[in-house]
Amino acid sequence: MRLTGAQALIKSLEMQGTEVVFGLPGGAILPVYDPLIDSPIRHILVRHEQGAGHMAEGYAQATNRPGVAIVTSGPAATNIVTPLANAYMDSVPIVVITGQVATTSIGTDAFQEADTTGITMSITKHNWLVKDASEIPRIIAEAFHVATTGRPGPVLVDLPKDVSNQMMDWYWPTSIDLPGYRPTIKGHPRSVAAAAKMIKQARRPILYVGGGVIRSKATEALGALVAKTNIPVVTTLMARGAFPDDHPLCLGMPGMHGNYTAITSMQKSDLLITLGARFDDRVTGKVSGFAPEAKIIHVDIDPAELGKVRKADIPIVGDVRLVIEDLIEALDKGEAGEQVQEDLSAWIAQIREWQDKFPLRYEKDPTDGTLKPQFVVETLSSLAPPGTILASGVGQHQMWGSQYWRFNDPNTWINSGGLGTMGFAIPGAIGAKVGRPDKMVWAVDGDGCFQMTAQELVTAASERIPVKIALLNNAYLGMVRQWQEMFYDERYSEVYLSPDLPDYVKWAEAMGCVALRVESPEEVAPAIEKANEINDRPVVVEFRTDSREKVFPMVASGATNDQVDLGPLFGGDL
Amino acid sequence: MTSFGTSVIPMSMPGGKNTSGVSHHVLSVLVENKAGVLARVAQLFSRRGYNIYSLAVAPTDDENFSRLTVVVDLESATLEQITKQLHKLINVIKITEINPLEAVQQELLLAIVSTDAQSRSQILELADIFGAKVLDVGLERLTLALADSPEKLDDFTELIKGFGIVEIQRTGRVALAKLSRSGSRSGITKGKAS
């Protein structure tokens, strides 16, 4: 069968089971958009290429399947750089196809030419510049393989226009030949046995669970491990939902804005069983003072994470799900099997005491009648049907989202953790809703973030993707404001955004959304209930929240996790 | 990556350190012979904040592969990290850390030295002692070539400096593990992972 390169690309995507692509056409990618008309693949026309990338990420995070974006060359490729960097940091499998100028024009500074593979080299797991149409099926097969196996991540395929037009003989590769890419999947049995023994001997163990548990679909295995060992779990920002918040042994989020118990239980632990987490600086605080008495078991599929920040006593390279399963078996075998697990009741009693004394707290009935953002998130969570997906931007609202939403299912928290990309929420939510049309999708967003990517609500309206946006409008770049208040003597520099410029209700309506405005606590629940009933178009609910509200607890930058600032409701530092 | 004039290239012992507190490690990296691979390796070093001290690249006997010999300046604690990061590059097949004590190392030096009637014979004598070849002869200049261990090149450079070096170029070094005489293997070969 003779096909053009463009036809081969679309057919290759179909072979990979691609149902939907997010994109925006342009000059160099024009040939690809023609066969797309005849393909069953759904194309979602975004309003900015950054939106296409984040939608692909939201789709991937919600479904555990690779998200696909197609954009043209030059500025389109550079516009999708941010989502690539974001996906690289958060290990999100996305495949980005970029158009490129014709091979004969590469290097001549042609119109809309950019060195896309060069620019994206350090923010992709791998990228390819296609030189001949016959390479397309092989490269697409390799691209999906690399994106979705090992530590997942973004890949990019740069496709010159003349290659898209070139004729080729269709084939589909029966195997992948990448001699330099063989991820280690299975943990070393001896290390797993040693880990099992260490777990039995620990008196103050904590399961430090990261996003890798969600990526490797290890949540069931994790549940079984907890059931067997009774070890409490902290779920990092990337792992919210990996273990249900409703479980009594779930301690919630650790780190800079984690709750006191999650932070302190790690800090006082004698064994951190680290599963698919990477000792991020937002989790550890000052590394030299982090969990000083803890031994470390570190399980990760990426060997480079082991020992990168904190030396592991037992490093295990492998797929987290498989290693947990092996670990559960190893607990009953060999030396570990002969040992009786240490009694954890004193440890758990200590944890309960912390939970009782230092819960998450905010002013429930403020005398001035202002609307507290935490109350909005709490109400949203309580009124959302089970399994609702929450997407988020980056900043205060993200932390409140993570703190006050009850996460009980994996793949229900779609956020930008590592890169901290403002504006992620709206396209992230749209991608998630496209991937999981059966689920309600809310986004919690800030006014700063909203203004970065709001145009994608036009995409959502025109494509009938009924996402719901809870816009926490505090008229400020709130997190920056918080730092300026706390660390720069309340000298507010360029953080004020205004509550009513733009008029968010008018703007949302102009974009084809239903828009509601909420200014007092009594209006919160009715507005959310109303939004929950709308299922044929996007909804924006603007909540005018108290701009003075800060995120607590907080471990200041550079401090150790022993110095948790619980905020004014607890009388400050502990 | 070429060094001009100053020949101060302290050769560290394995695990030892030179005066500036960094160690030299030799990594022999087998990569796929594809466009852009060198850029990927070089960018990885720069992106992670590691300094390449010298670099030599050439295809192997199998034209599908190239070998990079990278001499890196770093603390030994970070060597493991850079090796692991290098392994993550899809085009990297195998990395061997070569222990300088258990390896033969060679580097090529080309130097243009100024001469006059008096110094010419002295320079030629030095060249003879070191086994350097005369590649080119001008009225007031000589071009010499010396292929030897980096230490010998340092010594040679030091000695010809007195005559006036017009220009000097060195390649990065290439290295191979010493042949086994006792059955013990040299170098550490690490497995490939994601």
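Two residues are in contact if their C-beta atoms, placed from the backbone, lie within 7 Å. By that rule, the contact takes 22 residues from chain A and 18 residues from chain B.

This is a predicted model: local features need pLDDT of at least 70, side-chain atom pairs count only at pLDDT 80 or more, and totals for chains, interfaces and linings use all residues. Residues are numbered from 1 along each chain as its sequence is written, while chains are lettered from A and ligands numbered from 1 in the order in which they are written.

**Chain B at the contact**

Helices (H or I, at least four residues) and strands (E, at least two) are DSSP runs, numbered from the N terminus. On the side of chain B that touches chain A, α1 (37–47), α2 (76–88) and β4 (92–98) of chain B give two or more residues. α2(B) gives the most, with five residues.

**The sheet of chain A**

Two strands pair if DSSP finds at least two bridges between them. Chain A has an open sheet of six strands with parallel pairing, in the order β3-β2-β4-β5-β7-β6. Its edge strands, β3 (42–45) and β6 (126–129) of chain A, each pair on one side only.

**Strand pairs**

Strands of a sheet pair through backbone hydrogen bonds, either parallel or antiparallel. The table lists pairs from both chains.

| Pair | Sense | Bridges |
|---|---|---|
| β6(A) and β7(A) (155–160) | parallel | four bridges |
| β5(B) (103–114) and β7(B) (141–148) | antiparallel | eight bridges |
| β6(B) (133–137) and β7(B) | antiparallel | four bridges |

Look at single residues next. A:Trp128 stands opposite A:Val157 in β7(A). In β7(B), B:Ala145 lies opposite B:Leu110, and B:Leu142 is the bridge partner of B:Val137. A hairpin joins β6(B) to β7(B) through three residues.
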